[in-house]
Amino acid sequence: MKAKQEEAQELRHVLDLYEDCSGQCINLEKSAIMFSPNTGAAIKTVVKDALQIQSESWNEKYLGLPVHVGKSRRRVFAFVKGAMADRVYGWKERFIAKAGKETLVMTVAQAIPTFAMSCFYLTKSFCEELSSLVANYWWSQQDKEHTTHWIDWRTLTKTKAQGGLGFRDMHDFNIAMLSRQIWRLIQHPDSLCAKVLQARYFPNGQILDATPRDGISYSWRSLLHGLHLFREGYIWRIGDGTQVKIWSDPWIPRPWSRRILTPKGKNLLKQVCDLIGPTTG
C-alpha cells in the first residue's frame, strides 16, 4: 500500500472486518509496519496512528524466508548457503563412499534451497556458489579438501543416460520452480494470491502479458524470470478458439516455431474461432 492516510484507514477497516467475522483479535503490540526509505516522518506518524501500530521493527525472516530483500542478494540469501555449508562440512569429517555421497548430495544438500527457490530468484552467481559448494564436497577426500575436479559440473548435472550423475543445476532448478509458480497462478486464477498479483501488476490483462517495470517487488520480479521460461514452452489447447489470438499466441504444434509465420497484412481475422466453421468444428 502507499503511505497515505486514506489507504491506511481502508486497511484498518479490513482488519476490523476480519476481527468481527472471525472472532479473533489482532495483537497490535506484536505487529509492525515497514516504510520505504524515502517516506517522511510526518507521513509515518499519520499512517501509524491510522493503523494503531507504532512499531517499525520487523523480523528478518518469516516462515523461513526473508521479509525484505535489499540490493545485496548474496547477503539476503546467505542463510541458504549457510544451511548447505553446515551439512556439507559435517559430512566431510566422515568417511563416506561415493554412492553415499551421491545420495546425500541429491536428497539432502540440493533439497535445502528448494523452498527459497520456489519464491525468489537467487541470481545466477549465487546459484553457482551453491553448485561450487556441492562440487567441492563431491571431489573432496577425507584427508584432502582441495582436490582436482576431474569432470566439470555441467557434465555431472546431466542424466546418467547422458554420462552424468543427475545432479541439479541450481540456476536451472531455480527458474523451473518459479515457472511452476506461474503455472499454479494460471491454473488457479481465483486464488487469493492470483487475485492480489493481478490487481497489483496486470489489472487489465493476463499474467502471460505481464512485463517488468519500476517499483515492483522482488518476489514478483522473481516470478517474471519463471514467466520468461514459461512463455518459451507453453502452447494453447484450442477448444472453441475464443481465447486464442491467431497472430501472437503459440498454438501451432511444430518444433521450430509455434506461431504464425505469414505476415498479418490487412487480414481481419483475430482469433482462432474465426477459422472454425459452424459445421467443420
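In which loop does Thr-123 lie? Thr-123 lies in the loop between H6 and H7, where helices (H or I, at least four residues) and strands (E, at least two) are DSSP runs numbered from the N terminus. The model is a predicted one, in which local features need pLDDT of at least 70 and side-chain atom pairs count only at pLDDT 80 or more, while totals for chains, interfaces and linings use all residues. Residues are numbered from 1 along each chain as its sequence is written, and side-chain values use heavy atoms, with hydrogens and water left out.

**Surroundings of Thr-123**

- Thr-123 counts as buried, at 17% relative accessibility, given that buried means under 20% relative accessible area, exposed over 50% and partly exposed in between (1.4 Å probe, protein chains only).
- Leaving aside neighbours within four places in sequence, Thr-123 is in contact with Arg-73, His-171, Asn-174 and Tyr-218, contact meaning heavy atoms within 4.5 Å.

**Overall architecture**

- The protein chain has 11 helices and two strands, and along the sequence these follow the pattern α-α-β-β-α-α-α-α-α-α-α-α-α.
- The domain assignment gives domain 1 (5–57), domain 2 (59–234) and domain 3 (235–280), with bounds that come from an automatic or database assignment.
- The centres of domain 1 and domain 3, taken over C-alpha atoms, are separated by 49 Å.
- The radius of gyration of the protein chain is 25 Å, whereas a compact globule of 281 residues would have one near 19 Å; the value is taken over C-alpha atoms, and the globule rule is 2.2 Å times the number of residues to the power 0.38.
- The C-alpha trace spans about 65 × 65 × 35 Å along its principal axes, and 32% of the 281 residues count as buried.

**Nonpolar cores**

- A nonpolar core is a set of buried Ala, Val, Leu, Ile, Met, Phe, Trp, Tyr and Cys residues joined through side-chain atoms within 4.5 Å; in the largest one, of 56 residues, Leu-122, Leu-130 and Trp-220 touch the most other members.
- H7 gives the largest share of this core, nine residues, and because domain 2 (59–234) and domain 3 (235–280) both contribute residues, the core lies between them.
- Not counting residues up to four places away in sequence, Leu-130 touches Val-80, Lys-81, Met-84, Met-117, Leu-122 and Met-170.
- A second, separate core has seven residues, including Val-47, Ala-50, Leu-51 and Ile-53.

**Aromatic rings**

- Rings of Phe, Tyr and Trp (its six-membered ring) pair if their centres lie within 6.5 Å, with planes under 30 degrees apart counted as stacked, over 60 as edge-to-face and the rest as tilted; by this rule there are seven aromatic pairs.
- The pair of Phe-77 and Phe-120 is tilted, because the ring centres are 5.7 Å apart and the planes stand at 50°; this pair links distant parts of the chain, 43 residues apart, and both Phe-77 and Phe-120 are buried.
- The rings of Tyr-201 and Trp-220 have centres 5.0 Å apart and planes at 5°, so this pair is stacked; Tyr-201 lies in helix H10 (residues 192–201) and Trp-220 in helix H11 (residues 218–233), so parts 19 residues apart in sequence are tied together.
- Tyr-201 is buried, with a relative accessible area of 13%, and Trp-220 is buried with 1%.
- Ring pairs also link Phe-77, Phe-120 and Tyr-218 into a cluster.
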